[in-house]
Structure formats: C-alpha cells, structure tokens
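Q: I'd like to learn how to read helix packing and pockets in a model. Could you walk me through this one?

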Amino acid sequence: MSVTFGKAPARVVAIGQSTTEILLSLGLADRIAGTAVWVGPVLKPFEAQNARIKRLADNDPSFESVVQQEPDLVAAQFEWHIGSNGSVGKREQFAQLGIPTYISPADCVEKDNSGGGDGLRKQMFTMDLVYQEIRDLARIFGVDDRGEALVAALRTREAAAIASVAGGDAKGVPVVFWFSSKEVRGDAFVAGRNGAPAYIVKALGARNVVTTEEEWPLASWERIAAADPAVIVIATMDRRRYAADDPAVKLAFLESDPVTGKLEAVRKKRFVLMDAQSMNPTIRTIDGIEALANGIKAFGLAD
C-alpha cells in the first residue's frame, strides 16, 4: 500500500512502544499527538519528552480515542492493530476519514498475520526491516539525515556486541526465550524460530530450541524441558496483562516447578533478564544482542 504526503505530518498517533521510540529517536516528540501499547518504561533519554505525550492506553486504544487526536498519520508497530482485522481499526476506516496509516515493515514483510495471534514469520527477521522503518518515518517527516544517523549508530552497536563474543563462539548453545504465560503454570509464550530472538541467537552463534514459524507459539514446559535449554531468557516488563508478565513470578515458577526445577539452566541459574521490547523487532533488539552476549560470557558458555 503506497501513501503519499504533500507535507510532513504535524500530528501522528503512534500505536506501539517501538514506533513511539523511533519517532522520539528521530527528534519528533513535538509531532506525537498520542501513543499506546506499552510493555515497559520508555528509553531513558526520552523520559521527560514522553511524559508530556498523551497516553491513549497502555494496551490497545479505541478507534475513537485515536481519531479524537485529529492525526494526519497513524503509525503502528503491529499489523493486527490497524490491518485487515485491526483490533483498533482497519486501514480502510482510517482512510475513509482521510487519515493515512503506516505499519512497520518488521511486522509485514514475509509475515502472515491472517490467522490471528502473533502471526507466522516465513523468513527470519533481520534488523534491516527496522532500519527500513526508521528511514521510512524519517523520509515522511523530512528528517532523512537523522534517520541515517540513527541507523549508523545502531549498526555500530550491533557489530560491537557480536564482536564481543567472537573468537569464543557460543557453539550452538541452546536458548529459550520466555515472554509470558496466560497462567503461570500453563503453557508459555516462547519465541519461534524466525523472530527477533532468532536473529539474536544467530548473530551470537547460539540456537533457539523452538523451531516453529509462529512468532510466539504456546509451548508446554514438558516440551521445553525435553529440548534442555542451557540458557533461559526471561522477558522483563511493566505490563501486567498476563499472570507471568512479572519476571519475579517467572523466576519463582522455574525454581519451584518439579519439571523446570530439574533443568540445568535452572539449577545453575543461567537466566538472562531481557527487556521485553528487545524480544520484538525493534530498535531495542540491539540491546537484546548485548544482553545475551553478556550472559553467555558470564556463564562461561563462550569458552
């Protein structure tokens, strides 16, 4: 879907923490009329700016609340919010009101969201998709130079994190990424083989124990235990939508459950606490590479 702008938008509603943080990183705080869908605190350099931006909802905002901000652009991190089955509103609904929409390429390219849930990723995510989003938004707002500078800074950090474990390759260390669970002792939302976590482990020479194309499949702990991960990456977040959103709850479960308590990763406390946004295709995925690289080195698994 192509969108043409006669001039840079003056008011944008950002549905998704990552989209908001990209706009903030591009120096566009004064253009953000509203924001929604947050899992944790904003990046520290933008705390003061973000505090002045209207929070429409911590989770999904209503269509009416978005339209009330009189935006001349609605930008979304996830297709399911404004796509063909949009939980906030369909792109056609916004178009009927003359409001253009933009969805992050990281949630569209080689990804099938038609089946509900978090979708199926047919091809492994790469940071190039996030870099495309940065460049797209920078172009829309006429700040191309800021976009290129941000991409260059992220590429430098990514290369440094990968280099930090070079020569001490992780040698296929099996890793599982636990985002959350609807019930603490129920099936867990874990990262599939082609999402941002898969990109993280590939960059470091480790491997994801989950092989499904689903973005965030539900898996039983018996199945996870059978794969015997050497490292368990635990999502941290302020969101409390599901029972296991709290990382302290996750840790307590892993150490007390009769199945998970026997895992070597649990017995040796090989836990990496990772910001939940780093597990999604975002600018924070670079933070995720850095966090897992530090964990692998600390556990002596890159020797």
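Predicted model: local features only at pLDDT ≥ 70, side-chain atom pairs only at ≥ 80, totals over all residues.

Q: In which hand does helix 6 pass helix 7, left or right?
A: The crossing of helix 6 with helix 7 is right-handed. On the helix 6 side the contact includes Tyr131, Ile134, Arg135 and Ala138, and helix 7 contributes residues including Leu150, Val151, Leu154 and Glu158. Sorted by class, this contact holds seven nonpolar, one polar and seven charged residues.

Q: How are helix 7 and helix 12 oriented to each other?
A: Use the angle again. Helix 7 (residues 144–163) and helix 12 (residues 285–298) have axes that cross at roughly 15 degrees and come within 9 Å. Angles under 35 degrees count as roughly parallel, and therefore these two helices are roughly parallel to each other. Helix 7 passes helix 12 in a left-handed crossing.

Q: Which residues of helix 7 and helix 12 meet?
A: From helix 7 come Leu154, Arg157, Glu158, Ala161 and Ile162, and they meet Ile286, Asp287, Ile289, Glu290 and Ala293 of helix 12. By class, that contact has six nonpolar, no polar and four charged residues.

Q: At what angle do helix 1 and helix 6 cross?
A: The axes of helix 1 (residues 17–25) and helix 6 cross at roughly 55 degrees and come within 10 Å. That angle makes helix 1 oblique to helix 6. The crossing is right-handed. Thr19, Ile22 and Leu23 of helix 1 meet Glu133, Ile134 and Leu137 of helix 6, a set with four nonpolar, one polar and one charged residues by class.

Q: Now for empty space. What does rolling a probe over the atoms show?
A: A probe the size of a water molecule, rolled over the atoms, shows where empty space is left. In this model, the largest pocket has a volume of about 670 Å³. Of its 33 lining residues, the closest to the centre are Phe78, Trp80, Gly117, Asp118 and Arg241.

Q: Which elements give two or more residues to that lining?
A: Those are helix 4 (79–82) and strand 8 (174–180). Helix 4 supplies the largest share, three residues.

Q: How do the lining residues divide by class?
A: The lining of the largest pocket has 10 nonpolar, 15 polar and eight charged residues.

Conventions
Residues numbered from 1 in each chain as written. Heavy atoms only, no water. 1 Å grid on protein atoms, 1.4 Å probe; cavity = no way out; pocket = protein on both sides within 12 Å on 5 of 7 lines; lining within 4 Å. Points joined across faces, edges and corners; volume = space filled by probe spheres on them. Helix = DSSP H or I, 4+ residues; strand = E, 2+ residues; numbered from the N terminus. Nonpolar A, V, L, I, M, F, W, Y, C, P; charged D, E, K, R; others polar. Axes fitted to C-alpha atoms, helices over the stretch in contact; angles between N-to-C directions. Parallel < 35°, antiparallel > 145°, perpendicular 65-115°, else oblique. Left-handed = near helix turned anticlockwise from the far one by under 90°. Contact = heavy atoms within 4.5 Å.
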